[in-house]
Amino acid sequence: MNDILAELAAEYENVKFFKVEAESLPEVSLKYDIVAVPTVIFIKNKEVVDRVNGAHVPEVTKKTAQHSSIVSPPLPAIVKQIPPKPPLDVRLRQLINADPVMLFMKGTPEEPRCGAVAIFG
């Protein structure tokens with residue numbers, strides 16, 4: 001979802017995108033009634049005007065376009081702005097060319113969610 005939000009931030013320069021770690025800021029989670037991760041909240045004039053609970057990319061994209069003419073005031077310092085990322089094809093090319101062998105796996109090495117670790121671990 002971070003990549004999608006970064007691409008939307010690059011496309012909609014008049015919209016500010018911020019990332020908040022819900023687990024590390026429970027007061028923000030309570031204030032905005034965060035029930036799913038990720039949650040995308042659209043705020044105008046310090047009021048919630050829309051939201052998307054969960055990783056629903058088409059809905060986030062649609063609502064971002066819908067609200068793109070809305071410019072919100074700055075948010076508190078506890079949130080950080082998501083910097084735009086290079087295009088996906090550039091990032092993939094850098095990733096693929098980083099090492100001679102690349103293993104893509106689900107989960108983490110500590111908690112794998114695929115059989116690759118049993119083979120390569």
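The chain has 5 helices and 4 strands, taken as DSSP runs (H or I of at least four residues for helices, E of at least two for strands) and numbered from the N terminus. This is a predicted model, in which local features need pLDDT of at least 70 and side-chain atom pairs count only at pLDDT 80 or more, while totals for chains, interfaces and linings use all residues. Residues are numbered from 1 along each chain as its sequence is written, and side-chain values use heavy atoms, with hydrogens and water left out.

Read from the N terminus, the order of elements is α-β-α-β-β-α-β-α-α. Of the 121 residues in the chain, 22% are buried (under 20% relative accessible area, with exposed meaning over 50% and partly exposed in between; 1.4 Å probe, protein chains only). The accessible surface comes to about 8900 Å², and 58% of it belongs to carbon and sulfur atoms (Shrake-Rupley method with a 1.4 Å probe; for residues, only the protein chains shown count as cover). Among contacts (heavy atoms within 4.5 Å) between residues at least 6 apart in sequence, 46% join residues at least 24 apart.

Helix α1 has L5, A6, L8 and A9 as buried residues. Seen down the axis of α1, these fall within an arc of 160 degrees, so they line one face of the helix; the arc is that of the directions from the helix axis to the C-beta atoms. The cover over the buried residues of α1 includes β2 and α3. In helix α3 (residues 57-66), the buried residues are V60, K63 and T64. Their arc spans 105 degrees down the axis of α3, so they too line one face of the helix. P58, K62 and Q66 are exposed on the other side of α3, while its buried residues pack against α1 (2-11), β2 (39-44) and β3.

Charged pairs complete the picture. The structure holds 5 salt bridges (a side-chain nitrogen of Lys or Arg within 4 Å of a carboxyl oxygen of Asp or Glu). In one of them, R91 pairs with D3, with the closest N and O atoms 3.6 Å apart. Because R91 lies in helix α4 (residues 88-96) and D3 in helix α1, the pair ties together parts that are 88 residues apart in sequence. R91 is buried at 16% relative accessible area, whereas D3 is partly exposed at 32%.

A network of salt bridges links D50, E59 and K63. K63 bridges to D50, the closest N and O atoms being 2.8 Å apart. As K63 lies in helix α3 and D50 in strand β3, this pair ties together parts 13 residues apart in sequence. K63 counts as buried at 13% relative accessibility, and D50 is buried at 17%. The salt bridge between E59 and K63 has its closest N and O atoms 3.4 Å apart. These two residues, 4 residues apart in helix α3, are separated by about one helical turn. E59 is partly exposed, with a relative accessible area of 33%. Leaving aside residues up to four places away in sequence, D50 touches V40, I41, F42, K63 and H67.
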